[in-house]
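I opened this entry to look up side-chain contacts and helix faces. My notes follow the order in which I checked them.

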Amino acid sequence: MTEIKTAGTPAELRRRAANTGDEPWLRQFFALLRGLDPALTALCPALLEQQWQLQQCAFASHYPGARTELILLEGDPIGLVTLHEGATAIRILELGLDPSHRGQGLGERLLTEIIREADARDQAVELAVMRHNPALRLYQRLGFQVLPGDEDAVQVQMRRPAHHAD
């Protein structure tokens, strides 16, 4: 479990590995992040299950060993992050916070901790983001750069080079 506590912030933000007991919550959160109507997923749970399984298979085949962690605020799950540690970079495959917890600096605290972990290992941090996603500005502020060739793409690949830890 990783604790992310910043001086002057009262909220305790932690990460912990997701386990099989978390799957019902993870599936519902998966639907929430994709804007799937809860009424539709209740009427057709097979649709949600199919999309969930497709994502899990894609992660397993392209990023073996990727791990999903719950983001906990004062012990309650408010989001998730899925990470893959490669030889030279940590790739953020998915990062999402419940809409009610966005815009409060929690995502920045989480990303700063991931960057700190990567820097300690002399690794870059990589991710993909939709160009219209407001988080793009946060990523740029934290030192991520759009990779060449993606300047006009709808989804862009970004990378923050490793910085040597002091």
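**Salt bridges**

I counted 15 salt bridges. The model is a predicted one, and I read every entry below with that in mind.

I began in helix H1. Arginine 27 and glutamate 23 meet there through their side chains in a salt bridge, 2.9 Å from N to O. The two are four residues apart in H1, so about one helical turn separates them. I recalled that an α-helix has 3.6 residues a turn, so residues three or four places apart point the same way. Arginine 27 counts as buried at 18% relative accessibility, because the cut-off is under 20%. Glutamate 23, at 30%, counts as partly exposed.

Next I looked up glutamate 85, which forms a salt bridge with arginine 67; their closest N and O atoms are 2.7 Å apart. This pair links distant parts of the chain, with glutamate 85 in strand S4 and arginine 67 in strand S3, 18 residues apart. I found glutamate 85 partly exposed at 34% relative accessible area, and arginine 67 partly exposed at 28%. Both residues belong to a network of salt bridges that also links Arg15, Glu69, Glu117 and Arg121.

I then took glutamate 126 and arginine 91, whose side chains meet in a salt bridge at 3.9 Å, N to O. Glutamate 126 is in strand S6 and arginine 91 in strand S5, so the pair ties together parts 35 residues apart in sequence. Arginine 91 is buried, with a relative accessible area of 13%.

**Aromatic pairs**

I counted three aromatic pairs. For tryptophan 25 and phenylalanine 29, the ring centres are 4.7 Å apart and the planes lie at 10°, so I logged the pair as stacked. They too sit four residues apart in H1, about one helical turn. Tryptophan 25 is partly exposed at 27% relative accessible area, whereas phenylalanine 29 is buried at 4%. The buried residues I noted in H1 include Leu26, Phe30 and Ala31. Just after H1, glycine 35 takes a positive phi of about 70°.

**Helix H3**

Which residues of H3 are buried? I listed Leu48, Trp52, Gln55 and Phe59. They cover an arc of only 60° around the axis, which puts them on the same side of H3. On the face turned away from that buried side I found exposed residues, among them Ala46, Gln50, Leu54 and Cys57. Last, I checked the length of H3: at 1.5 Å a residue its 18 residues should span 26 Å, and its end C-alpha atoms are 26 Å apart, which agrees.

Methods:
Residues numbered from 1 in each chain as written. Predicted model: local features only at pLDDT ≥ 70, side-chain atom pairs only at ≥ 80, totals over all residues. Heavy atoms only, no water. Phe/Tyr/Trp six-rings, centres within 6.5 Å; stacked < 30°, edge-to-face > 60°. Buried < 20%, exposed > 50% of the residue type's maximum accessible area, 1.4 Å probe, protein only. Expected span 1.5 Å × (residues − 1). Arc of directions from axis to C-beta. Salt bridge = Lys/Arg side-chain N within 4 Å of Asp/Glu carboxyl O.
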